[in-house]
Each structure stands twice: as C-alpha cells, then as structure tokens.
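Please look over the structure shown here.

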Amino acid sequence: MADGSRPVEDLHLRNLSKKFGDVAAVDDLTLTIPAGSFFALLGASGCGKTTTLRMVAGLEDPTGGTISIGDKDITGLRAFERPVNTVFQSYALFPHLDIFENVAFGLRRRKVKDVSAQVEQMLALVELGPMARRKPAQLSGGQQQRVAVARALINRPDVLLLDEPLGALDLKLRRQMQIELKRIQVEVGTTFVHVTHDQEEAMTMADTVAVMNSGRIEQLGHPADIYELPRTVFVANFLGQSNLIQGAPAGHSGDDVLVSAFGETFAVPAARSFAVGTDVIVGVRPEKMTILDLVDEHRVPEAHNRVHGRVTDVSYTGVSTQYLVMTPWDQELIVFEQNVVVGDRCEVGDEVVVHWSTQHTFGLDGSAGTSVGVDPEVLALEAAAQALIADAPES
Amino acid sequence: MRWLRRNLIGIIAILVLVYLFIPIAVVIALSFNNPSGKFNTSWNEFSLDAWKNICGVPGVCSSFVTSIQIGLVSTLIATLLGSMIAFGLVRYRFRGRGTTNLLIFLPMATPEVVMGASLLALFLNLRFPLGMGTVMVAHIMFIISFVVVTVKARLQGMDPRLEEAARDLYASPRATFRYVTFPLVLPGIIGAALLGFSLSFDDFIISFFNAGTLVTFPIFIWGAAQRGIPVQVNALATLVFVVALLIVLGAQFVGNRRRKALEAPVPEPILVDRLSRS
Amino acid sequence: MVAVVPTSAAAQPASVMAQRRGRTGYLLLFPGMAWLAVFFAIPFVTLFLTSLQKPIPGKPGKYTSGLQFSNYADALVEYWPQFLRSFVYAGIATLLALVIAYPLAYFIAFRAGRWRGLMLVLVIAPSFASFLLRTYAWKTILADEGVITSTLNSLHLLPDGRILNTGIAVVAGLTYNFLPFMILPLYAALERVDPRLIEAAGDLYASPQTAFRKVTWPLSMPGVVAGTLLTFIPAAGDYINAELLGSTKDRMIGNVIQTNFIEFRDYPTASALSIVLMAAILVLVFTYIRRAGTEDLV
C-alpha cells in the first residue's frame, strides 16, 4: 500500500492485449501512467478502455503483455492481491451492509486493526459521517458515489481506478462531483486512472488524456494539446467538433504546406500537418473561425485561409452563436461566434466568407475519409434529415 | 356509469379475491361448529369444543406432528441440495447442461399422480418398506426443483459487480462467498425453504402413494372424509393458516417499512468546503 | 461533425460473471442431480417396465416381468373416457382460471399501487389452508340446499337440478384450486410491461380495447403460457376434486391410476396409464411452448 513510507510509483502497461474469441478488445497497448497523475482513458463504448481498466484491476486476465507498478510485475496477481482499488460503474455498493461496513470492507479483509477510527476519518472526508449506519439504498446517487470513492480510497491503493464513476449522476451533480474528485486526487496524491466516454469530463479532470479507439491509443497528451492539435481524424471528430475538408497536397509555401480542395488552396503550418500520402484533410475547430458578410471580404487578413458560402442555419445559444455555412461544394461547415457584439449578426441566406488563421489549421491523413470518429447515430440522423428534405413536397 | 367503467377492473379484482377466500371462510367457520351429524359440512351451532380440545380425536395431532417432521427434514435436505445445484448451474461450466436442465424442469411438469405412481413402482420393485423414509425421499425429490428455480433466479439477478468489488477489496474467493454472495442469496434460499415446507406439508397425492401405513395430516383428512372430518381438523388448519399468514404479512410489513425509509431523502451536503478545511 | 449531446447511458462493460471450469461444479451438482436421477428418472424406467409386466396365473396381484404391450391397448380401450374427461375438465378449468385471473393480475400489476404487496399475499394465502379442506369446503358451498344451487335452480340453469356430484362441481373445484398458479405468472409477466407502452398505444390512436389486444395481451403472453401450463398439468392429473366433489360418473384418469395402483393392485394397467398421461402432457407442453414461442420456462 502507498503509505508514507513508500513513494507512489508509475503504472506500466507493456504490449497489453485482450482477445474475446477473435475480437481484440485491447490491441498491443503500451503505456506509462506517471505516479500521482490524474489520467483519463477516453473513448466510445467498445473501444477497449473498460477492458484495459479491468485488466489493471485483475478482474480480467490479459491475453498477452504485462502490467507493473514501478518494478513490481502484478500481471499474475489476483484481484484481491493487488494494491489497486476500483470505483465501479454504478458503484457496486454492498446492499446488505451499511455505509460504515461498506467502507470498512477492504480493511477488515486485510485484518487491519482499529478499523473504526480510519472509517470515521474517511467518512468525514467525504462528508458522510452521519450516514454511517444507513444502507446504500437510503442514499442519493451523489452520496453513493462518494461512498464508493471512500470505500476504495481508504485502502490507500497505489492506483485508484474509476470506471465511468459519474455516469449515473445527472448533469449538475456530475459537474459538482468532477470538481470534488479532482480535489480528492490532489489531496491524497494517488494515481487516478479514469475511464470515461464523456470528453468534457476527461478534459476537465485529467492532466493526461489518452483517446482510445479499437483497442489502441490514438493520441495521448495534455487535454489542451490534444484539442488544439489533433493528430488523427478520429481524435478531431471525437474530442470536440471539427470542420474537415478533404483535399490533396499542392506543394509548399515557406513553412506552410499547401493543400488544394474544391478549387481553393489552404495553408497548413508544416509542424501541424500529419498527412503522409496523397489524401490530405484540412481541419479547423469551429470557434477558431470568423464569419463575415461577403461585402466585408476585404477585411480578411492576408495570412488567413478562407471559404465562401451561404448561411443555412443560425442558432443563438447565449454565450455564442452557431452558424451552419454551406460551401459551394455542398459541405456544411459549423462556425461558433462569441456574442461580443450586440446585433449585426448574419442571417439565413446571407452570402458570407468564413476565415481563420493558418496557425489554427491542422493537416491530417485523409485516406479514411472525414467521418471517422463521428458518432454513427449522428451520421444516421444527418442522412435521415437529408432524406426528409429531399422528400418534402414542393410548396 | 362512468364511475363503474373506470373502476370495473378494481371491482372484478376484489370479487376474485373474495372468491379465493370463500372456502377459507367456510373452513374457519366450521372450526367453530358443533355439527349435527357425523359430517361437518353444514352449520349447526356455535361451539369452542374443538378449539379447547384440539387433540381430542385420536390421530389428529400425531398426524399433524408427522407432517411437520417430514416437512422440516425434507425442506432442510432439499434446500441444501437444490441451492448447491443452483450455484453449480450459474457459476460453473460443465457438460450435459441440457440434460441437467431437463431433469430439473420435468418434476415440475409431471402430474403428482404420475410421480407418486412411478416412485411406488420403484419401491415395490426394490421391496423397500414404505413409511416416513419413503415419503421424505419423495418430498425431497419434488422440492429440489422448486429450490433450484428460486435460488437460481436470485443468483442470476445479482449484480456481478458486487462480487468483483469484493475481490477488488482484498476478499479471497472464500471471503467473497462468505461476506457478499451468501448473504445476498440468503433471502432467496429462505424463500425457497418456506415454499418447500408448504409444498411438503400440504402434499397429499405423492405421500398417499408412498406412505404405506404412515398417516400424514393430509392423509388423515382424506381417510376421515369418508366417515366425517372431525372439527379439530378445521381448527388445526385454521391455526396453520393464521400462523402462515402472520409470517408472510410480517415480512411484508418489514419490507414496507424499509421502503418507507428509502423515500425520505437525506439532504445533499456540500463536500467541497469540508475538503478544503480538512 | 460531432453533436455535443451528452450520452446519457454509460457504456456497459462485458462483466457478466464468468463461469468457472473444474471439478467444483460437478461436486455441487452431483448430490442433488443424483437424487433426481435415482428418485425421479429411474422410477420412470421402473414404471415403464412395470407397465409391460404380465400377471402370474393363479396369483392375483402378483406380476412377472414381460413385454406385454397389449397392456397399453387394454388400458386405453377400457379407460379412454376418463382420459378424455380429464383433458376436457382440465382444459375448461384452465380457460376459466385464465378469464378469472387476468383482471386480478392486471389490477395488481397496474393499479394496486401500495396495496400490491398485500394483494399478492392475499393471492397465495389460501394455499396456506389445507388443499383437501379447501376442496371439501366446496361441498358446503355447492350443497343441494345451499344458496348457489337454489338460486341457479330457480333460474332453471342446472340440467341435473344440482351441482354437487356433477362435472360442474369438479370443474369448479379444479378452477378454484389451481387459480393461484394462473394469477402469479400472469402478474409476473404484466408487471414487466411498461405502462407507458399502453399510454403510447392510446397516444397513437388505439382505443383501450385495441391497446389491450395489440399491446398488453401480446406482452403478457409469457405469463399466459406459463400460467396455463401450471394450471393445466396439475388439473389433468388431479383426482382429489373428482373424488370429493364428483360422482362415479365424473372420475378422471388420476382416480383410475390411484385405484388401480393402490386398491386393485393392477400395477401394469396403472403404470401404462401413467406413462400415457405423462407422454400426452409432455407432447402437449412442448408443442404448446414451441407454438407460443417461449422457451425459457425453467
């Protein structure tokens, strides 16, 4: 256990794989999670993130590879022999035991003396002291969540695993618990490995985010770095939203790579371009773009990339306004505009020019198309909407 | 008219419940009867004689005790064997799952008369002496299936994460079973045992085939029906009915109180300031 | 492009309890399954062998092993009316039980609110009083001079002028005795039906009757199948109701098996009849389950 005498150590996964039949849930994963960090594994359901977590917990046997904490290989240890604890999805609190006994469970199994002082201290930490003698079913979702955290943390594990810990809470409580979990982590200094499908949750809480897809890690880094500079189409679409334009390489200009698409030429800084082949995708985040009425086109700075189009939808969301702009090649771009100026907004039907700095542009390998990582349900919805529009009777 | 249409189904439901209790009312009422002739089938006059002297007729109480003995022993053994099967079925892989399931399902789909006859055929062929032993053997046999089904449902309904959580919290497989799995399955096992006891206690057909000269409470009633059932039988049956009803209603009451406690939510304290203070 | 809709349902991990291999499983199963094999499966073999035995001449009640398949033909020729009657009585009783049980099960599942638990207790409570005594009580209720019989008689509804000692009394007894076996599975199935589905049907222009026919009834089908089987099987094999409430003209196959086995000691005939009854019921159960499309009864 990570008590004062022993420093917290890094968690290493080396060539970790897990196959269910022929399906590789986790595929040759190598990863070091630094001691004391708040690490998020982010991905859609079925990407292998939960399987990875369960292998670290010892609840699933890897098909290959090793797991170690510091120099100690724990791959062969069974779940109850590992210095790792889990906050389960939907908490898995023991319904027949009261809160006190739930929290004391791990200590009692390890025959620790003086359980009650530790449990009371832990319950005080999560502000549940008065609830000690209640059964889990008598607690609200947020309280149950804190019991689950207390029950795991009281064992002072080397690594705390959190499996979608906030998934069962409503939005408001989720935001509150994000802050609280982060504070607890800072306070106890334990390595937290947090599995989630909620990108906002991952970005808010973690100092390192790993985006997982099909059993592999697509990109790993600080949340802001990943967001500002996605390296694959999957990350660009899965983490936040992106406008992606399919094109082809068209030479160089200074430090910029040029890409031509649908008759336009876009400049991408060479350091921000990850394309290798003949298919290149030019990408930009919606909030980096500025929208101007066509008559004001002379105000677009020289060094900016630009696209002409027609406004097809305007949604006012308070903080910002979201525009949909149809390009001449029938692609809808999404643009977020901060509502700093009152009035003077574009309207549906306006001919506009959309522009953005080359410094905000990124280049991606485009061999797999622009929709990798988009929620398939969203794609289906878009297709259905197109069909509805096409079928609508002329009026 | 509108009121009637809205509440029609409720009225029918209550009528059906009343219908279910008509014979019970008759049984209870006749326990306070002083029958005019041998047969206690029609009301004559009020009397507490049977209640005051509940064992007054030879054989009534001894058959009653016999049935309780058979019920207790059969239930104990069948609950143990059936629970073991349920655990094996849910938690282990083995060959012959189809045959196993069939062998558990069939006793519940077999008419009692066929089960009674086939067991008797076995005992006769083996020249096995009929008596309390054979009746217990038969009862254990038909209770096992009900126990398996009940306990299996409970096990399957259990969140597998609870056992994972126990393992994660340093519980060895043995400790996981002792502190998590068993306590959670226990209500199912108790329920199965209560059901098993009531099936055994009330069984007539299978017992009758395999009892030889042994007289259980239902066999006593059957025999007495020809020459008139003594009022004491009604008194004892009323007693059993009331005790069983009280047990079940008690369990219901406890369950309700627990649910009430859940309905009173506890205020959500703010964790953040406490954390910053500690 | 990605919509910023928060996904509400969290991803469900594949954490169904893994089944272990090894000897422990067999050890857990062995004692109980051995009990069932020895005292349920093997008796069927002996029952079958007994059904083929032939009498020892000059020794009534004694039989020797043989392959007397004619026992079956003889038994069926002699007792086919009782067989037929058993299935007809059990069938009518099952239908009546379904009609009586459905409104109650429906009410408990959808309308009972906080009375639900109590009503369920009331449904099983009658089983706490002796089966035989409850059946016997119908003798009092349906007695010739009783309220029910005289009322129906004054309306000239009874062909024989009485209920007791007729088939009507036997069917009434069967219906009553196995009613809880119908109510409970129906309730279990209805309880799983989301009441919002019925509201949705109403929202989509279904009248209450249509909503019932197209939504509630099909969804309660597993309960209907389980309930009818749990009522029909014991009713078809029962002989207590026929014995206590009927006359010798209303005897069912159970009565025949019982008297042949225990009183006449005609073991081959009784065994042959038992085998036929069991076979008939199994054929019925499996075709019924297949046609109704529910196979998870166990």
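Which order do the strands of the open sheet of six strands in chain A have? The order is β6-β7-β8-β3-β9-β10 in chain A, and the pairing is mixed. This is a predicted model, in which local features need pLDDT of at least 70 and side-chain atom pairs count only at pLDDT 80 or more, while totals for chains, interfaces and linings use all residues. Residues are numbered from 1 along each chain as its sequence is written, and chains are lettered from A and ligands numbered from 1 in the order in which they are written.

**Sheet of chain A**

- The edge strands, each pairing on one side only, are β6 (84-87) and β10 (216-221) of chain A.
- Strands are DSSP runs of E with at least two residues, helices are runs of H or I with at least four, and both are numbered from the N terminus.
- Two strands count as paired if DSSP finds at least two bridges between them.
- On average, neighbouring strands of this sheet are turned by 20 degrees against each other, direction ignored.
- Axes are lines fitted to C-alpha atoms, for helices over the stretch in contact, and angles run from 0 to 180 degrees between N-to-C directions.

**Pairing of β3 and β9**

- Four bridges join strand β3 (residues 38-42) of chain A to strand β9 (residues 208-213) of chain A in the parallel sense.
- Opposite Leu41(A) stands Ala210(A) in β9(A).

**Domains**

- Domain bounds come from an automatic or database domain assignment.
- Chain A has domain 1 (11-226) and domain 2 (240-391), with C-alpha centres 38 Å apart.
- Chain B has domain 1 (1-58 + 228-237) and domain 2 (60-214), with C-alpha centres 32 Å apart.
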